[in-house]
Amino acid sequence: MSTAPHAENAAIFKARTNKWFAGLAWLIAGIGLASTALTGGAEAVPGIGPLLLIAYLGWLLFWRPSVVVHDAGVRLENPFRSVTVPWAALVQVDTRYALTLITPSRSYGAWAAPAPGIWGGRNARPEDLQGLPGSTYGPGQSVRPGDLKSTDSGQAAQLVRARWQQQVESGAVDAGNAGVTPVTVTVRWLELGATAALVAFSIWGVALL
């Protein structure tokens, strides 16, 4: 996780594991492109489509996604869309499958903060269960595996819940407006178009081999 203070007092969460996956994708693509350049020459250019696609997907699926928490709400940067949930529209934070922001009308999952699954709690340490925002705990002070501090979803959820609690306690959020506060969803057409173009180029290049 990284924090980046600016006008909105924002903190940006990106899963460390996603950065490793992005780096692996770029390494594979880089080795493939270097090998093609050294041995294939100009005739091999149509065949680099899959390598470019791998590099691009490394950025799109693993490097770009994030959870941005700021004074006005939470923004989920997912591969093909961005979702901005104002604090007044938020009614619950869930981590069953991933960090999920629940509003009166629907739920929005964060690609950048997946839950660890049923085995996520096996390596939990006592400190992973302590000092969490009050809304994290269930009956008997129980905590879901996805809420543990050692997990991606848990780290992101802690960030969201702590800021949400802070905004509510300061009086900046009117919880009674949850049903009328709009959520902004922006489709990332550029990313969609680039993905489609690279897939088409890859198919064309493979067909020529």
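**View 1. Tyr56, a buried residue of helix 2 in this predicted model.** Let's begin with Tyr56, which has a relative accessible area of 14% and is buried, because buried means under 20%. Tyr56 and Trp59 sit 3 residues apart in helix 2, about one helical turn from each other. Trp59, for its part, is partly exposed at 31% relative accessible area.

**View 2. The aromatic pairs, starting with Trp26 and Trp63.** Searching the whole structure turns up 4 aromatic pairs. One of them joins Trp26 and Trp63 in a tilted arrangement, with 5.5 Å centre to centre and 50° between the planes. Trp26 belongs to helix 1 (residues 16–39) and Trp63 to helix 2 (residues 49–63), so this pair ties together parts that are 37 residues apart in sequence. The rings of Tyr56 and Trp59 also form a tilted pair, their centres 5.8 Å apart and their planes at 40°. As for accessibility, Trp26 is partly exposed at 34%, and Trp63 is partly exposed at 35%.

**View 3. The hairpin of strand 4 and strand 5.** Here you can follow the chain along strand 4 (residues 73–77), which runs antiparallel to strand 5 (residues 81–86). The two strands are joined by 5 bridges, and 3 residues lie between them in the hairpin. To find your place, look for Gly73, which stands opposite Pro86 in strand 5.

**View 4. Strand 5 meets strand 9.** Which strand does strand 5 pair with over 4 bridges? The partner is strand 9 (residues 184–187), and the pairing is antiparallel. A handy landmark is Ser82, which stands opposite Thr186 in strand 9.

Conventions
Residues numbered from 1 in each chain as written. Predicted model: local features only at pLDDT ≥ 70, side-chain atom pairs only at ≥ 80, totals over all residues. Heavy atoms only, no water. Pairing = 2+ DSSP bridges. Phe/Tyr/Trp six-rings, centres within 6.5 Å; stacked < 30°, edge-to-face > 60°. Buried < 20%, exposed > 50% of the residue type's maximum accessible area, 1.4 Å probe, protein only.
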